[in-house]
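Please read the explanation that follows with the model open beside the text. It begins with the chain as a whole and then turns to individual elements and residues.

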Amino acid sequence: MRITDLMIQETMIMDLQATTKDEAIDELIASLNKSGRINDPVLFKEMIYKREAESSTGIGGGIAMPHAKTSAVNEPTVVFAKSKNGLDFAALDDEPAHIFFMIAAPEGAGNTHLRTLAALSRLLIDSDFIAQLMSTDTPAEVSALFDAKQEEAAEKEAAKEKAKAEKAAKAASEAGAAPQQTPGTIVGNENSEDFVVAVTACPTGIAHTFMAEDALKKKAQEMGINIRVETNGSEGAQNVLTADEIARAKGVIIAADKNVEMARFDGKPVLQRPVSDGIRKSEELIRKAVNGDAPIYRSEGGGNVKEDGASANKMSVGSKIYKDLMNGISHMLPFVVGGGILLAISFLIEQLAGEDNPLFQLLQTIGGGTGAFHFLIPVLAGFIAMSIGDRPALMPGMVGGLMAVNSNAGFLGGLAAGFLAGYVVIGLRKLLRGLPKAIDGLKPILLYPVLGLLIVGAISYYVFDPIFGSLNTWLVDALGNLGTGNAVLLGLLLGGMMSIDMGGPFNKAAYTFAIGVFTSSGNTDGAWMAAVMAGGMVPPLAIALASTFFKSKFTEQERKSGLTNYVLGLSFITEGAIPFAAADPLRVLTSCIIGSAVAGGLTQLWSINVPAPHGGIFVAALANHALLFLLAVAIGAVISGLILGLWKKSPTVVK
């Protein structure tokens with residue numbers, strides 16, 4: 001497939017009008033939407049910004065490659081755009097971006113499409129080619145340039161493969177054996193003894209993965225150093241490193257923004273850097289790897305190597321705790337959503353047919369205390385532990401969480417058990433480090449599981465379960481006996497927190513607190529779930545209302561996106577407001593926080609209880625005061641929508 005099959009001329013923008021990064025993203029998305037290549041601009045924009053949050057796609061050298069892989073895409077497409085004056089895209093080299101490639105890939109993109117996108121990424125390493133792109137004036141010239149460049153690259157690759165095959169055949173003939181195929185190509189100087197291996201990977205696996213691969217290969221060839229690069233792209237791992245290659249390598253480069261298989265590098269000097277460093281700092285990485293200037297990686301069943309000091313920003317204690325907590329919550333959420341929706345349906349059936357109905361009992365069993373909800377705290381604790389101590393900590397963490405459930409220590413006891421298990425395994429690694437190497441293999445399969453489980457289980461049984469059991473009982477009783485004034489204040493706080501960062505730590509803290517009380521009360525106390533659900537529904541609904549009734553304050557693209565937020569808001573999907581908040585954080589966040597706080601406070605003023613942890617309007621009928629719950633959400637959304645609509649400035653560029 002040709003690159004120009006994806007980079008269609010009707011979507012190209014030869015004179016980008018945007019002057020900021022946000023405007024550029026909007027203009028590129030508008031081109032995709034106008035051509036019918038995407039079906040949900042709001043979701044697509046959300047995924048673009050999610051990728052930008054991980055690391056800037058302004059790769060430097062005047063190029064930006066914002067990209068997303070999502071169900072919002074109808075057909076794989078690359079939008080080419082050129083800005084004469086350039087704009088600040090938060091590029092890695094702090095230089096303005098002039099050339100833009102917005103890559104839209106559907107979730108089910110085929111291998112052919114993904115390989116074509118990888119080929120595009122590799123072409124952009126060539127500075128001469130970028131200069132030629134800058135001199136184009138029409139979409140036809142851009143297409144012709146890419147076709148010629150891709151044909152040239154294909155001819156070079158064919159010649160290289162032919163030469164390699166001839167060399168292998170000659171060697172095999174001289175040795176009297178059949179030629180053997182190697183899993184990948186070693187690039188560099190065949191006479192050099194300097195050999196390094198590398199792995200490149202980025203979250204979406206579309207662009208940066210292959211640009212880093214080519215940059216490392218190109219630089220290694222210039223330096224006369226042999227290198228083998230494994231890529232972890234959208235098609236999975238390609239050119240996988242062999243055990244022999246890893247053993248021969250003087251050092252290992254991991255240029256990745258996502259997890260890669262690390263245990264195979266045990267005992268090797270390993271550099272862990274962002275994938276962007278593989279593109280822009282390839283020479284530095286190769287030189288360090290060749291010289292062994294990197295920490296020695298020790299697996300011991302899953303320990304993590306530290307990044308070298310040149311790139312690692314020391315994580316604060318708070319950031320580390322948040323990272324570990326989010327790992328637990330992210331793995332727990334599928335159980336919350338799946339079990340919660342089934343529970344909500346079961347409550348509806350109970351109201352209509354009674355508790356003896358077989359379908360009610362089935363859904364209660366699947367979603368409730370003996371089904372999905374039974375795993376909430378063990379999964380939370382287990383994956384908090386795994387984030388800290390890796391795989392050996394998973395089992396003791398989950399058992400500690402299960403003990404918390406069975407002893408009524410609940411959510412708080414599970415949190416404590418998760419963190420305990422993670423740090424117990426780290427302590428065991430240090431404690432057992434001096435044991436003979438002959439029993440190293442027993443550590444992950446025998447010593448860590450047995451000792452870790454014993455220590456975590458004993459502390460949970462004698463310390464955590466009694467303390468947190470009593471504390472949890474007191475907390476549930478105290479919340480149940482709050483006076484109206486105090487309950488409203490807490491409702492205001494929880495509702496407002498849902499809008500502070502829309503899916504971030506404040507949002508998750510409020511939601512997790514409500515889940516903790518919900519599960520501790522036997523899935524019957526949904527007062528705080530009502531507050532957080534109402535607060536979380538307000539932001540997208542407020543965006544939808546503001547873009548509907550204050551049309552002049554929004555671009556055409558934003559108005560279309562605003563319509564989608566009606567559905568997202570009613571479904572309790574707060575993240576629908578993220579693209580708008582990212583574009584205008586002060587006005588959007590302030591407006592939404594006020595409305596969400598009002599909605600959360602009203603649920604407590606009116607003593608509303610929603611016995612379901614998810615679902616939005618679809619579980620509103622379960623509330624003891626369903627109409628009042630909907631009224632609280634509506635009032636909060638109208639307040640936020642009015643504030644935003646009156647406060648927001650009219651767009652300076654309307655496309």
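**From the whole chain to single residues**

Among the contacts in the protein chain between residues at least 6 apart in sequence, 73% join residues at least 24 apart, a contact being heavy atoms within 4.5 Å. This is a predicted model, in which local features need pLDDT of at least 70 and side-chain atom pairs count only at pLDDT 80 or more, whereas totals for chains, interfaces and linings use all residues. Residues are numbered from 1 along each chain as its sequence is written, and side-chain values use heavy atoms, with hydrogens and water left out.

The secondary structure of the protein chain amounts to 22 helices and 10 strands; helices (H or I, at least four residues) and strands (E, at least two) are DSSP runs, numbered from the N terminus. Of the 655 residues in the protein chain, 51% are buried, where buried means under 20% relative accessible area, exposed over 50%, and partly exposed in between, with a 1.4 Å probe and protein chains only. The protein chain exposes about 28100 Å², of which carbon and sulfur atoms supply 59%; accessible areas come from the Shrake-Rupley method with a 1.4 Å probe, and for residues only the protein chains shown count as cover.

The side chains of lysine 21 and glutamate 52 are joined by a polar contact of 2.7 Å. Such a contact is a pair of N or O atoms within 3.5 Å; within protein, one must be able to donate a hydrogen and the other to accept it, and residues adjacent in sequence count only if both atoms are side-chain atoms. When neighbours within four places in sequence are left aside, the residues in contact with lysine 21 include Glu52, Ser56 and Leu87.

Strand 4 (residues 77-87) and strand 5 (residues 97-105) run antiparallel and are joined by seven bridges, two strands being paired if DSSP finds at least two bridges between them. Strand 4 is mostly covered, with nine of its 11 residues buried.

A second pairing has the parallel sense: strand 9 (residues 251-256) and strand 10 pair over four bridges, and isoleucine 254 stands opposite glutamine 272 in strand 10. In a regular strand the side chains alternate between the two faces of the sheet. In strand 10 (residues 270-273), Val270 and Gln272 point one way and Leu271 and Arg273 the other way, and all are buried.

Threonine 200 lies in strand 6, residues 195-201, and is buried, with a relative accessible area of 0%. Not counting residues up to four places away in sequence, threonine 200 touches Thr209, Ala212 and Val229, among others. Its C-alpha atom is separated by 9.0 Å from that of proline 274, which is 74 residues away along the chain.

What of the nonpolar interior? A nonpolar core is a set of buried Ala, Val, Leu, Ile, Met, Phe, Trp, Tyr and Cys residues joined through side-chain atoms within 4.5 Å. Val532, Val610 and Phe629 touch the most other members of the largest such core, which has 45 residues. Several helices each supply at least two residues of this core, including helix 10 (317-353), helix 12 and helix 22, while helix 18 gives the most, with 10 residues. Apart from this core lies another, of 27 residues, among them Ile99, Phe101, Leu120 and Phe129.

Helix 12 deserves a separate look. Because 13 of the 14 residues of helix 12 are buried, this helix is largely enclosed by the rest of the structure. At 1.5 Å a residue, the 14 residues of helix 12 (residues 376-389) should span 20 Å, and the end C-alpha atoms are 20 Å apart, which agrees; the expected span is 1.5 Å times one less than the number of residues. Just after helix 12, aspartate 390 takes a positive phi of about 65 degrees.

Asparagine 239 has a positive phi of about 55 degrees although it is not a glycine; asparagine 239 is in the loop between strand 8 (236-238) and helix 7 (243-248) and, at 29% relative accessibility, counts as partly exposed.
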